[in-house]
Amino acid sequence: MVGYDAKADVRSNSKLEVAMAGSVSGFVTRALISPLDVIKIRFQLQIERLCPSDPNAKYHGIFQAIKQILREEGPAAFWKGHIPAQILSVAYGAVQFLSFEELTELLYRINLYETHEFTAHFVCGGLSAGAATLAVHPVDVLRTRLAAQGEPKIYNTLRDAVWTMYRTEGPLVFYKGLAPTVIAIFPYAGLQFSCYRSLKHAYDWVIPPDGKQTGNLKNLLCGCGSGVISKTLTYPLDLFKKRLQVGGFEHARSAFGQVRSYRGLLDLTKQVLQDEGTQGLFKGLSPSLLKAALSTGFMFFWYELFCNLFHCIRREDR
């Protein structure tokens, strides 16, 4: 299960097993949902309305975007920035789940876990994601830049991207968008973990366990539900993060339509509301919700699956 379980006894996984399960979960999930992530980023960075009636809009729907990207850039475009994205996912998964397990155990030992379970999972989920974000944010910036560039490419390789960004924009470029990221990640991840736990309780109430092995399906469905809830409630901050991360990168975005420069989070918010209206805060929501459902569902599904697998292997070795 996700979170400390005092009743588990010998079923508890070691810290290494938790970190490995989190890493593998992140790796597999990222490989599966990368195309949706690329589409989501393209939508978030587009200034024009996501509407067929706007003649200047490059993208205006998921299927139209898929066809356009395939025609102009080929299938490989859906995995642009995949190497830094995988580094991001593997490291993020390990830090997040290990931190979460440690924090929930700490709350249990000071008698704050069982009486405030939803709050405990919300706070521990937010803090663990914050720690993971601080650890891997430079890789997230690299991933966004590589996924956002069109043809011809500005960065040909990951090494080229690191060197060029450092030389032309300085070391702080790797922490662009950190403020909205940290602000957004706490409630987003907190809701992921707390809603996942609550949805599993609701699932057991609607469909009482009957001894059949249906745990994997439950983990997947409850993970999908928690992903949709958490992403919907925190989406504008994710859009702000992406816009700030490509600041100074406007020349590579000219083929996609209008570009904007922002002086910070407040200026970005003001410009989006002025130029794009409130609907501009939710550009790319549809692929993002689909991605959030699948990524969160897969994240919890694979994590619990590998934790159980490691436990079974350990038990057989005894």
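In which helix is the place of Glu105?

Reply: Glu105 sits in helix α3. Before we look around, keep in mind that this is a predicted model, where local features need pLDDT of at least 70 and side-chain atom pairs count only at pLDDT 80 or more, while totals for chains, interfaces and linings use all residues. Residues are numbered from 1 along each chain as its sequence is written, and side-chain values use heavy atoms, with hydrogens and water left out.

Let's start with Glu105 itself. With a relative accessible area of 21%, Glu105 counts as partly exposed (buried is under 20%, exposed is over 50%, and partly exposed is in between, using a 1.4 Å probe on protein chains only). Go 19 residues along the sequence from Glu105 and you have Cys124, with the two C-alpha atoms 10.0 Å apart in space.

Just after α3, Asn111 has a positive phi of about 60°.

Zooming out, the chain has 9 helices and 0 strands (helices are DSSP runs of H or I with at least four residues, strands are E runs with at least two, numbered from the N terminus). Buried residues make up 52% of the 318 residues in the chain. Among contacts between residues at least 6 apart in sequence, 80% join residues at least 24 apart (contact means heavy atoms within 4.5 Å).

Next up is the core. The largest nonpolar core has 18 residues, and Val2, Ala21, Phe97, Phe193, Phe300 and Tyr303 touch the most other members (such a core is a set of buried Ala, Val, Leu, Ile, Met, Phe, Trp, Tyr and Cys residues joined through side-chain atoms within 4.5 Å). Our helix α3 is on the list of elements that give two or more residues to this core, along with α1, α4, α6 and α9. The largest share, 6 residues, comes from α9.

A search of the whole structure finds 4 cavities of 30 Å³ or more (a cavity is a set of points on a 1 Å grid over the protein atoms where a 1.4 Å probe fits but cannot get out, and lining residues have an atom within 4 Å of a point). The largest cavity holds about 690 Å³ of space (grid points are joined across faces, edges and corners, and the volume is the space filled by probe spheres set on them). Its lining counts 35 residues, and Arg30, Tyr92, Ile185, Tyr188 and Lys291 lie nearest the centre. Here α3 turns up again: α1, α3, α4, α6, α7 and α9 each supply at least two lining residues. With 7 residues, α1 gives the most.

Helix α1 has 31 residues, yet its end C-alpha atoms are only 39 Å apart, short of the 45 Å a straight helix would reach. A kink of about 60° lies at Ile33 in α1, shortly before Pro35 (the bend is the angle between axes fitted to the seven residues ending at a residue and the seven starting there). Of the 31 residues in α1, 23 are buried, so α1 is largely enclosed by the rest of the structure.

Finally, α7 is another helix that helps line the largest cavity. Lys241 is found in α7, and at 11% relative accessibility Lys241 counts as buried. Setting aside residues up to four places away in sequence, Lys241 touches Asp140, Gly177, Pro180 and Thr181. The C-alpha atoms of Lys241 and Ala179 are 8.0 Å apart, although 62 residues separate the two along the chain. Ala179 belongs to helix α6, and with a relative accessible area of 47%, Ala179 is partly exposed.

Notes
Expected span 1.5 Å × (residues − 1). 1 Å grid on protein atoms, 1.4 Å probe; cavity = no way out; pocket = protein on both sides within 12 Å on 5 of 7 lines; lining within 4 Å.
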